[in-house]
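Subject: Structure handover

Hello,

Here is the structure you are taking over.

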Amino acid sequence: MLSGLGTTSMADQSDAAAPAKPNVVIFVADDMGWGDSATYGNPLIQTPNMDKLASQGVKFTQCYSACGVCSPSRSAILTGRTPYRNGVWRHLSGNHEAHLRTSEITFPELLKEKGYETCHVGKWHLLSKQQFSNPDYPQPGDHGYDYWMFTQNNAIPSHKNPNNFVRNGEPVGELEGYSAQLVADEAAHWLKDIHDPKKPFAMTVWVHEPHSPIATDTRFQALYKGHENSKYMGNITQMDNALGMVMDALDAQGVSDNTLLFFTSDNGPVPNFGGSSGGLRGNKRSQYEGGIRVPGLARWPGHIAPGTTSDVPVIGSDLFATVLDITGIPQPTDRTIDGVSMLPAFSGKPVQRPVPLFWRTHVSGGNERVALRIGDWKIVGNDLLTEFQLYEVQKDWKEENNLAAKMPEKLDEMKKVLLRTWKQIEAEGPSEWWKNERQKPSRGAKLNY
């Protein structure tokens, strides 16, 4: 009996010593600019929870979304693949055929196979209007989520009292409150009341703020009383408050110390609604820095040094590879994965990229349809890939000094990589979706994709 007791005790000790698998939470704001927070230098907008998160982890100064608009950048987070490769090449606001296909592999799918529980709350925008909550098209449950409460695109009629959420296929009806807090409440509810605490989890929390139509709780707008931009500024603080609610929920369940929490935005800001790029050139829809450089904050206690800063360029598609890296899951080998693990970047060390940072946004200006970055160098090309700009973006972060004429050899080197990269992406993605596009070219472009 003593021997048996001893054996049991050793087994218990062995189980206790085995490290628990890390949890994952990815929190995404909507249309939030690089300059829309105190954390990134805004002198007026209060973002205490972003500040707290930065003090507990690492702040990236060169974090990018994978596209200048929303649906594509979100698809890249889940798949690790640049949007034209994974098929969600445009924003899915109308009755379009594009959607996130079941042939794509998402990190929630892979984690679920390894015993993780998975949850999505908030905006989805990876289905067109006629596909949303339509069983003929893949819903979040077909992409690896056990539980979801989502909207197709915006909160309707606005952030206040939205009526268009669907929970696990069932319409929720009108909710009382503001979207960000409702989304954070649902995340906390799932974590506390539905999630099995014996299992690791992955959760994506994608709020609607500060995307239009904006509605801001008076308690947040009052912080900026008398300012002409008080509604937008308060909306950012409203979003930040929801981030704090999620952080509190993690604390309440005792899982913060074993959770990678990453905060970012899906693309740059819309100045007409009050957003700020923090002095970067361009805004939402642009291939210049203001359209794609976004906030990026990561906390993982014991693995990321608190209160640090990293100027290593990272991108939303890196989250796929990062999640697989920290959970010990191999990457798919039957397709190109554009993103790489951020683990070195968490401590300010460079990452090695087999595929360069690449962007193409279908509604950008005709003279800035594509961009590619290698090291400190960034090339921007027109829609026809016949005219190019060159920037040393680390030094010239406002992209004021086009070096194309002064450095023809460097331009030619970058151009060859850009053309080769696009050719490979075009061959792999469902190009019939964009080459058959009916929407007319916009903003001085000849092509509509």
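Numbering starts from 1 along each chain as its sequence is written, and side-chain values use heavy atoms, with hydrogens and water left out.

Mean pLDDT (the predictor's confidence in each residue, from 0 to 100) is 95, and 96% of residues reach 70 or more. Residues 1-17 have pLDDT below 50 and zero contacts (heavy atoms within 4.5 Å) beyond near neighbours in sequence. Where pLDDT is low, the predicted coordinates should not be read in detail.

A nonpolar core here is a set of buried Ala, Val, Leu, Ile, Met, Phe, Trp, Tyr and Cys residues joined through side-chain atoms within 4.5 Å; buried is under 20% relative accessible area, exposed over 50%, partly exposed in between (1.4 Å probe, protein chains only). The largest core has 68 residues, and Phe-60 and Phe-107 touch the most other members. Helix H12 supplies its largest share, six residues. A separate second core of 44 residues includes Phe-27 and Met-233.

Helices (H or I, at least four residues) and strands (E, at least two) are DSSP runs, numbered from the N terminus. In H10 (residues 318-327), nine of the ten residues are buried. They pack against several elements, including strand S1 (23-29) and helix H3 (70-79).

Gln-424 lies in H12 (residues 408-428) and counts as partly exposed because its relative accessibility is 45%.

Regards

Technical notes
This is a predicted model: local features need pLDDT of at least 70, side-chain atom pairs count only at pLDDT 80 or more; totals for chains, interfaces and linings use all residues.
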